[in-house]
Amino acid sequence: MTLSTQGLVLHTTKYGETSVIAKVFTRQKGLCSYILKGVRSHNGRNKQNLLQPLSHLEMTVYDNSKKELQYIKEMHPSAHYNNINNDGVKMALIFFIDEVLYKSLKEGEPNTQLFDYIVKQLQRIDSDDSNLSTMPLDVMFHTAAHLGIAPMDNYSAKRPLFNLKEGRFLPAPSPTSISDKANDDYFLDATSSSHFHNCLSCYMSHSPMPSLSSKQRCETLNNLLEYYHIHFPDFRNFKSHEVLHSVLR
């Protein structure tokens with residue numbers, strides 16, 4: 001049978017002499033793998049142009065639950081973004097969001113709310129020329145919530161330190177108590193925990209992210225990446241944030 005769906009391209013891998021396997025985050029089916037034949041041939045250049053990171057597509061696909069690899073019958077752009085390709089900051093954001101999704105989504109788990117949220121962020125990136133420096137933090141908090149690993153905002157004077165493994169704020173470990181030293185390694189320090197709480201609180205109240213310095217944003221983003229890695233073992237060898245840190249000042 002065939003299925004019509006929107007999709008966001010996340011990753012492509014060469015397959016055979018002229019084909020590719022594309023990992024696509026679809027609105028109806030979640031993350032899926034598709035074979036596209038002839039894409040790398042001379043006549044397939046137009047299709048190649050549709051397979052850029054986070055390309056937003058309308059697709060008709062063959063859908064067979066008994067097969068891991070499906071085929072795309074037809075595809076064309078669902079949206080045209082006019083102000084991204086020639087902007088280094090916006091392209092860095094695109095590559096970052098793409099890598100977050102590619103390394104955290106699992107196949108066979110539909111998530112229409114996350115899909116719709118990402119589409120709105122793409123529209124914002126394309127149309128908004130104001131400061132986008134806090135978008136990576138917002139995207140990571142939203143994605144964590146949609147994937148079931150949302151950190152708990154239980155920050156207080158008695159629980160001032162965020163524990164990356166526990167996903168919540170805890171009292172500072174007592175040096176005189178017999179504690180799990182392996183768990184102690186996952187605590188952020190007081191300053192980093194405070195920044196983490198401020199960002200998390202803004203996300204949960206649907207408020208703009210707090211005003212942080214470039215160094216503070218980078219540190220909080222790195223802590224979120226470590227949080228993802230702890231909760232998603234396949235979330236490793238992350239690279240796009242290095243470029244992002246260099247262009248977001």
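Student: Is C199 buried or exposed?

Tutor: C199 is buried, as its relative accessible area is 0%. Buried means under 20% relative accessible area, exposed means over 50%, and partly exposed lies in between, using a 1.4 Å probe and protein chains only. Please keep in mind that this is a predicted model, in which local features need a pLDDT of at least 70 and side-chain atom pairs count only at pLDDT 80 or more, while totals for chains, interfaces and linings use all residues. Residues are numbered from 1 along each chain as its sequence is written, and side-chain values use heavy atoms, with hydrogens and water left out.

Student: How many disulfides are there?

Tutor: The structure holds 0 disulfides, a disulfide being a pair of cysteine sulfur atoms within 2.5 Å. For C199, the nearest cysteine sulfur belongs to C202 and is 6.8 Å away.

Student: And why does C32 count as buried?

Tutor: C32 counts as buried because its relative accessibility is 12%.

Student: You mentioned pLDDT. What is the mean for the protein?

Tutor: The mean pLDDT is 90, and 95% of the residues reach 70 or more. The term stands for the predictor's confidence in each residue, from 0 to 100.

Student: Where is the confidence lowest, and where is it highest?

Tutor: Confidence is lowest in helix 5 (residues 181-184), with a mean of 62, and highest in strand 6 (residues 161-163), at 97. Helices (H or I, at least four residues) and strands (E, at least two) are DSSP runs, numbered from the N terminus. Where pLDDT is low, the predicted coordinates should not be read in detail.

Student: What does I97 contact?

Tutor: Leaving aside neighbours within four places in sequence, I97 is in contact with L54, I118, I125, M135 and V139. Contact means heavy atoms within 4.5 Å.

Student: What about N237: what is its phi?

Tutor: Phi of N237 is near 55°, again a positive value in a residue other than glycine. N237 sits in the loop between helix 7 and helix 8. This residue is exposed, at a relative accessible area of 58%.

Student: Which residues touch S240, then?

Tutor: Beyond its neighbours within four places in sequence, S240 is in contact with F95, F96 and E99. The side chains of S240 and E99 are joined by a polar contact of 2.7 Å. A polar contact is a pair of N or O atoms within 3.5 Å; within protein, one must be able to donate a hydrogen and the other to accept it, and residues adjacent in sequence count only if both atoms are side-chain atoms. S240 lies in helix 8 (residues 240-247) and counts as buried at 11% relative accessibility.

Student: New topic: how many aromatic pairs are there?

Tutor: The count comes to 11 aromatic pairs. Rings of Phe, Tyr and Trp (its six-membered ring) pair if their centres lie within 6.5 Å; planes under 30 degrees apart count as stacked, over 60 as edge-to-face and the rest as tilted. F162 and Y227 form a tilted pair, 6.0 Å centre to centre with 55° between the planes. This pair links distant parts of the chain, 65 residues apart, with F162 in strand 6 and Y227 in helix 7.

Student: Are F162 and Y227 buried or exposed?

Tutor: F162 counts as buried at 0% relative accessibility, and Y227 counts as buried at 2%. The rings of Y228 and F235 also form a tilted pair, because their centres are 5.1 Å apart and their planes stand at 50°. Y228 and F235 are both buried.

Student: Which residues form the aromatic cluster?

Tutor: F141, Y155, F162, F169, F196, Y203 and Y227 form one aromatic cluster.
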